[in-house]
Amino acid sequence: MDWFWWVFIFFMAGGFAKVADTARTALRTRHERKMELLETARQERQELAAAQKPPEPVCGCTHHLAKHDKKGKCHERVEMPVAWDADHKPVQYEAGQCTCQQYIGPQPLSQIYAEDLTDLA
């Protein structure tokens, strides 16, 4: 029964606080590592999803090719600044027609089938 008093004195002197602090630190570290793993997996899923999408033809005005006619006119409505402050920052906007040029990037290809170039057999 002598050992009981030593254990009692150890806990009363704050020995349990050190054990609890060590356990809390270990759980916090485990949580941070688990969250990093989850974030890495989420980014990987997003990158895989983005890799499966074909590139979209976007004009310099950030509008899709479908918003332009054959003559090169963009039919999208945009907010155009009409008033500026002393620092040349727009303070008032008005709806207007987009004044961009025709999309000049690569034309999107339709889905095609191409056989593999290498023979694995």
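I began with Arg-42 and Glu-39, whose side chains meet in a salt bridge at 2.4 Å, N to O. The term salt bridge stands for a side-chain nitrogen of Lys or Arg within 4 Å of a carboxyl oxygen of Asp or Glu. The model is predicted, so I noted its limits: local features need pLDDT of at least 70, side-chain atom pairs count only at pLDDT 80 or more, and totals for chains, interfaces and linings use all residues. Residues are numbered from 1 along each chain as its sequence is written, and side-chain values use heavy atoms, with hydrogens and water left out.

**Salt bridges**

I looked up how the two partners are placed. Arg-42 and Glu-39 are three residues apart in helix H2, which means a separation of about one helical turn. I then checked their exposure, with buried meaning under 20% relative accessible area, exposed over 50%, and partly exposed in between (1.4 Å probe, protein chains only). Arg-42 is partly exposed at 31% relative accessibility, and Glu-39 is partly exposed at 33%.

How many salt bridges are there by this rule? I have three in the count. Asp-21 pairs with Arg-24, with 3.9 Å between the closest N and O atoms. Because Asp-21 and Arg-24 are three residues apart in helix H2, about one helical turn separates them. Asp-21 has a relative accessible area of 38% and is partly exposed; Arg-24, at 48%, is also partly exposed. Glu-76 and Lys-67 form a salt bridge at 3.2 Å, N to O. Glu-76 is partly exposed at 23% relative accessible area, and Lys-67 is partly exposed at 38%.

**Chain overview**

I went on to the secondary structure, where helices (H or I, at least four residues) and strands (E, at least two) are DSSP runs, numbered from the N terminus. The chain has two helices and two strands, in the order α-α-β-β from the N terminus on. Of its 121 residues, 12% count as buried. For contacts (heavy atoms within 4.5 Å), I took those between residues at least 6 apart in sequence, and 33% of them join residues at least 24 apart. I noted an accessible surface of about 11,500 Å², 60% of it belonging to carbon and sulfur atoms. Accessible areas come from the Shrake-Rupley method with a 1.4 Å probe, and for residues only the protein chains shown count as cover.

**Nonpolar patch**

I found a nonpolar surface patch of about 1,400 Å², whose members include Trp-6, Ile-9, Met-12, Phe-16 and Val-19. Patches are made of residues with over 30% relative accessible area and no salt bridge; like charges are joined within 9 Å, nonpolar side chains (Val, Leu, Ile, Met, Phe, Trp, Tyr) within 5 Å. Which helices each supply at least two residues of the nonpolar patch? They are H1 (2-12) and H2 (15-51). H1 gives the most, with 10 residues. Ile-9 lies in helix H1 and is partly exposed at 47% relative accessibility.

**Aromatic pairs**

I list two aromatic pairs. Trp-3 and Phe-4 are edge-to-face, 6.5 Å centre to centre with 85 degrees between the planes. Phe-4 and Trp-5 are also edge-to-face, at 5.7 Å and 75 degrees. Rings of Phe, Tyr and Trp (its six-membered ring) pair if their centres lie within 6.5 Å; planes under 30 degrees apart count as stacked, over 60 as edge-to-face and the rest as tilted. Trp-3, Phe-4 and Trp-5 form one aromatic cluster. Trp-3 is exposed at 57% relative accessibility, whereas Phe-4 is partly exposed at 37%.
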